[in-house]
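Dear colleague,

I am passing on the structure below, and after it you will find my notes on what turned up when I went through it. Please read them with the coordinates open beside you.

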Amino acid sequence: RMFIKTGGNVGIGTSAPSYKFDVYGTDDITMRIHRPSSGLALTDTCGIGFSHRGDTNTSTSDTRAAIVSTYNGSLYLCTEPGGNLNSNPVDHAALSIVGTTQNVGIGTTSPTTLTEMRGVVPTLTLSSSESKTWSIGDDIAKISFFSRDGSGIGAHETGFILNKTENGGASLSGALVFGVANYNTIAAEAMRIDNDGKVLIGDAASHTSDLLQIETPASGGGH
């Protein structure tokens with residue numbers, strides 16, 4: 001039923017545990033963590049925490065990553081470099097799956113759509129002639145694409161898709177921005193779709209009210 005080897009490895013369902021804790025079983029759920037008599041709030045979680053240290057001390061509070069769940073079946077992947085996930089770990093959730101809706105959130109614990117991403121981009125080059133520094137609190141979601149050279153060293157952003165949903169810039173309120181770059185250069189805006197449906201391809205600094213505008217990059221000429 002349970003076996004403890006002389007070296008300290010513990011096995012459940014096996015007499016030859018290969019790890020500190022080794023569980024063998026044929027059930028669909030081999031191991032369960034249960035929290036009885038708990039509340040139903042988002043902060044009432046049960047789960048597994050992970051701790052790393054640079055010394056041999058036994059940690060009592062240094063939990064830097066965790067996988068936790070709440071009463072409604074929501075699942076959260078939480079991270080905190082300061083190691084304070086022992087209380088209210090959902091406050092530090094990086095990835096959320098809401099049990100009642102099955103919605104997935106990245107950077108948010110309350111996604112309202114099937115997949116929702118939120119984040120902050122502190123500094124972003126929009127084009128060769130236009131740049132903006134976003135402040136903390138700007139509601140930005142960004143997907144970046146990276147590639148590496150032949151030696152597997154030096155990942156560089158080769159493109160991005162960015163969504164700005166708050167009023168933080170006159171021309172970027174509610175815009176979907178697409179950026180590309182050559183290897184080892186800063187990815188810059190190549191196309192955007194504004195919140196009113198206007199499409200701009202090319203130099204963002206020459207944006208007009210045309211429904212479709214095509215510009216030579218960073219030149220300001222040639223509709």
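**A salt-bridge network**

Arg53 is partly exposed, with a relative accessibility of 40%, where buried means under 20% relative accessible area, exposed over 50% and partly exposed in between, with a 1.4 Å probe and protein chains only. Please keep in mind that this is a predicted model, in which local features need pLDDT of at least 70 and side-chain atom pairs count only at pLDDT 80 or more, while totals for chains, interfaces and linings use all residues. Residues are numbered from 1 along each chain as its sequence is written, and side-chain values use heavy atoms, with hydrogens and water left out.

The structure holds four salt bridges, a salt bridge being a side-chain nitrogen of Lys or Arg within 4 Å of a carboxyl oxygen of Asp or Glu. Arg53 is paired in this way with Asp55, their closest N and O atoms lying 2.9 Å apart, and Asp55 is itself partly exposed at 39% relative accessibility. Arg53 also meets Asp62 in a salt bridge, at 4.0 Å from N to O. Asp62, by contrast, counts as buried, because its relative accessibility is 8%. A salt bridge also links Asp62 to Arg64, with the closest N and O atoms 3.1 Å apart, and Arg64 is partly exposed at 33%. Through shared partners, these salt bridges join Arg53, Asp55, Asp62 and Arg64 into one network.

**The nonpolar patch**

A nonpolar surface patch of about 920 Å² has among its residues Ile33, Phe50, Leu77, Ile106 and Phe145. Patches are made of residues with over 30% relative accessible area and no salt bridge, like charges being joined within 9 Å and nonpolar side chains (Val, Leu, Ile, Met, Phe, Trp, Tyr) within 5 Å; the areas come from the Shrake-Rupley method with a 1.4 Å probe, and for residues only the protein chains shown count as cover. The strands β4 (46–50), β6 (75–79), β7 (93–97) and β12 (140–147) each supply at least two residues of this patch, strands being DSSP runs of E of at least two residues, numbered from the N terminus. Ile106 belongs to strand β8 (residues 104–106) and is partly exposed at 37% relative accessibility.

**Two residues with positive phi**

Most residues other than glycine have a negative phi. Ser37, although not a glycine, has a positive phi of about 55°; this residue sits in the loop between β3 (21–23) and β4 and is exposed, with a relative accessible area of 83%. Gln102, again not a glycine, has a positive phi of about 70°, lies in the loop between β7 and β8, and counts as exposed at 51% relative accessibility.

Note on methods
Helices (H or I, at least four residues) and strands (E, at least two) are DSSP runs, numbered from the N terminus.
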